[in-house]
Amino acid sequence: MQPLRGTRDILPNDVILWQHIYNRTKEILALSNYSEIRTPILESTSLFNRSIGNETDIVNKEMYSFADQGKRQITLRPEGTASVVRSFVSNKLYQESKTNRLWYLGPMFRYERPQQGRQRQFHQLGIECIGSINPMADTEVIRLATQLLQEFQCFNYKIEINSIGNLQERNLYKESLITYLISYKEDLDNDSQARLKTNPLRILDSKNKKTQEILNQAPSLNQYLGFESRNHFDLVCQYLNELNIEYNINDKLVRGLDYYNYTAFEMKVDELGSQDTICGGGRYDNLIKQLGGPHTPAVGWAIGIERLLSIVKHNLQIKTKNPTIYIITQGIEAQRKIWNIIKTLEKYKINFELDLYNNNLQKQMKRAYRSKASVCLILGDDEINQKEITLKYLNTREQKRIFNTNLPQELEAMLKNN
Ligand code: ATP
Ligand code: MG
């Protein structure tokens, strides 16, 4: 049986990479005072309708929604920010401190056509800096994205950044964009024609050549920004310059979610072909209020882990441990007595593999060598009678018998040599 279309198993060899990403992220983000948050994978459908927006691709056609046994409308979360904000509001996190710096890593679900870089269950690592309107917060989160990407050996990313202003500014711009595009309506691709009515700003995102040509002469969003918007953006850019973080200002970057204002950004990587965005984020100053909390500005981003791993997988070298001791038993009595020895190994935190096949010593030894353990511990009738254990050092093939009672000393020596 195959996994569902668009979903994947993460097998033990790969889990090591995922654990590495989780562990390093935790350490790096802790330095900047970010704490991990874990929210449910299931949420009310209305959470995403109210936050991401009804006319977005995610809400319109990509959500995994169903009615549960109690006829509640439920959705498997398609992204992390809405859930984090819901949690921020329902747990009144704003009462505890003025800023809440949060991060998450977990599965997200979108009903999309599965292809390279696009799954139906995928994972996002995201951070949210909640509580500040200061452009330093935007800079902090962008900087942390670059820190993490570099930590994971991803260096070829390009940052694109834009200011999409506030709602009023965007509405003015929307009108003039529609006025401009309507005269080319017949030449636009079908999606864009439909978006003229539903979500005109998303037309700027179109990958269609003809539409792009038309857009080249279109009015630009930044002409509609007021002083506050411009000033905020200007400061973010200045701070990034100060950090020597390179970026391109892309005045057509709008992002696919409704809740953003001011700063929007994406990080793209050449190696990924058409699904080339590994990180997307921006500021969302009104979302928390919109979802019933006090007015609280915030900024954050999310990185797609599968896309990241597809480019860095081979550069990440993570040491894995072979078992130190391979345990061989010969006979029922040995199988009874081995458990005490195992307890001792655990006490000394020595990793081991217990041979579970009760065949001849030669075959067991073969498996011991294959396991790449450094020592083989053998317990048979003779050893038990003498209250002894046989140890064979697999590198030197040197073999010796020790008294049971001397095992701890022997283990300590092993740990020292490791
Ligand atoms: P895309 O342009 O690929 O559709 P998006 O704008 O829908 O991306 P966001 O909602 O900003 O993506 O999500 C942030 C990141 O999550 C993306 O940059 C990408 O790395 C990852 N991502 C989004 N959708 C998928 C998916 N279906 N499969 C794998 N990764 C995804
Ligand atoms: Mg998408």
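Where in the chain does Arg397 lie? In this predicted model, Arg397 is placed in the loop that runs between strand E15 (388-393) and strand E16 (398-403). Arg397 is not a glycine, yet its phi is positive, at about 65 degrees, and because its relative accessibility is 55%, above the 50% cut-off, the residue counts as exposed.

**Loop residues**

- Gln153, which sits in the loop between H5 and E7, is likewise not a glycine and has a positive phi of about 65 degrees.
- A polar atom of the Ser371 side chain lies 2.7 Å from the backbone oxygen of Ala368.
- When neighbours within four places in sequence are left aside, the residues in contact with Ser371 are Asn322, Pro323, Tyr326 and Glu353.
- Ser310 stands 61 residues from Ser371 in sequence, and the C-alpha atoms of Ser371 and Ser310 are 29 Å apart in space.

**Packing of helices H5 and H9**

- Two packed helices are described by the angle between their axes and by the distance between those axes.
- For helix H5 (residues 135-151) and helix H9 (residues 227-242), the axes come within 8 Å and cross at roughly 45 degrees, an angle that makes H5 oblique to H9.
- The crossing in which H5 passes H9 is right-handed.
- On the H5 side the contact is made by Pro135, Met136, Asp138, Thr139 and Ile142, and on the H9 side by His232, Leu235, Val236, Tyr239 and Leu240.

**Packing of helices H12 and H15**

- The axes of helix H12 (residues 332-347) and helix H15 (residues 407-417) come within 10 Å of each other and cross at roughly 40 degrees, and H12 is therefore oblique to H15.
- H12 passes H15 in a crossing that is right-handed.
- Ile341, Thr344 and Leu345 supply the H12 part of the contact, while Leu407, Pro408 and Leu411 supply the part from H15.
- Of the residues in the contact of H12 with H15, 5 are nonpolar and 1 is polar, with no charged residue among them.

- Leu148 belongs to helix H5, and because its relative accessible area is 0%, Leu148 is buried.
- Apart from neighbours within four places in sequence, Leu148 is in contact with Thr25, Ile28, Leu29, Leu125 and Trp301.
- Thr99 lies 49 residues from Leu148 along the chain, and the C-alpha atoms of these two residues are separated by 22 Å.

**Buried side chains in strands**

- Which strand holds Asn162? Asn162 is found in strand E7 (residues 157-163), and its relative accessibility of 2% is the reason why Asn162 counts as buried.
- The Asn162 side chain reaches the backbone oxygen of Asn250 at 3.3 Å.
- Not counting residues up to four places away in sequence, Asn162 touches Leu221, Phe233, Asn250, Asp251, Lys252, Leu253, Tyr262, Thr263 and Ala264.
- A polar atom in the side chain of Arg283 lies 3.4 Å from the backbone oxygen of Asn134.

Notes
Residues are numbered from 1 along each chain as its sequence is written. Chains are lettered from A and ligands numbered from 1 in the order in which they are written. This is a predicted model: local features need pLDDT of at least 70, side-chain atom pairs count only at pLDDT 80 or more; totals for chains, interfaces and linings use all residues. Side-chain values use heavy atoms; hydrogens and water are left out. A polar contact is a pair of N or O atoms within 3.5 Å; within protein, one must be able to donate a hydrogen and the other to accept it, and residues adjacent in sequence count only if both atoms are side-chain atoms. Axes are lines fitted to C-alpha atoms, for helices over the stretch in contact, and angles run from 0 to 180 degrees between N-to-C directions. Helices (H or I, at least four residues) and strands (E, at least two) are DSSP runs, numbered from the N terminus. Angles under 35 degrees count as roughly parallel, over 145 as roughly antiparallel, 65 to 115 as roughly perpendicular and the rest as oblique. A crossing is left-handed if the near helix is turned anticlockwise from the far one by less than a right angle, and right-handed if clockwise. Contact means heavy atoms within 4.5 Å. Ala, Val, Leu, Ile, Met, Phe, Trp, Tyr, Cys and Pro count as nonpolar, Asp, Glu, Lys and Arg as charged, and the others, Gly among them, as polar. Buried means under 20% relative accessible area, exposed over 50%, partly exposed in between (1.4 Å probe, protein chains only).
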